[in-house]
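My notes follow in the order I took them.

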Amino acid sequence: MAHTDPLLLSDAALEECVDGCTDLDLLRRILRKPDVVEDNVVDEYLFGDHFQEALEGFADDEEASENNYQWGCLIAENINLATTVKKSRRRKVANPQAAWPMPKP
C-alpha cells in the first residue's frame, strides 16, 4: 500500500493520530530520525522506542514507561493509517459490444 509523507500531515491531522495530547513538534522530530520513516511508512516499533525515550523523565516507573512505548506505537500506527493513499475505485463499465448481436456462423 502506498503512503504519503507523514511530515506533510497538518497539525490537525497529526493531532487526530494522538489519543490524548502531546507535543506535535516532538512527533515531527521523531519522524525525522534515521530509519523511523522508510518509503513514507512509519516503523511503529522504532517510533515507539523514540517516543518512550523522549518521555522518560515523565515516567514514574517501568509500567508507565511501557505505557509510553505502547502509546508511541499506537500513534505511529495511526499516522500510517492517516497517510495511506486510497486507491480510487474504478467503475465497471459495460462492454458496449456485448449489446450487439453476435454474427451467425
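**Burial and surface**

I began with burial: of the 105 residues in the chain, 30% are buried (under 20% relative accessible area; exposed is over 50% and partly exposed lies in between, with a 1.4 Å probe and protein chains only). I note that this is a predicted model, where local features need pLDDT of at least 70, side-chain atom pairs count only at pLDDT 80 or more, and totals for chains, interfaces and linings use all residues. Residues are numbered from 1 along each chain as its sequence is written, and side-chain values use heavy atoms, with hydrogens and water left out.

I then looked up the accessible surface of the chain, which is about 8000 Å² (Shrake-Rupley method, 1.4 Å probe; for residues, only the protein chains shown count as cover). Carbon and sulfur atoms hold 51% of that surface.

**Elements and contacts**

I found 4 helices and 2 strands in the chain (DSSP runs numbered from the N terminus: H or I of at least four residues for helices, E of at least two for strands). Their order from the N terminus is α-α-β-β-α-α.

I checked contacts (heavy atoms within 4.5 Å). Of those between residues at least 6 apart in sequence, 60% join residues at least 24 apart.

**Salt bridge**

How many salt bridges are there? I get 1, taking a side-chain nitrogen of Lys or Arg within 4 Å of a carboxyl oxygen of Asp or Glu. Aspartate 11 and arginine 28 form a salt bridge, 3.0 Å from N to O. Aspartate 11 is in helix α1 (residues 11–15) and arginine 28 in helix α2 (residues 24–32), so the pair ties together parts 17 residues apart in sequence.
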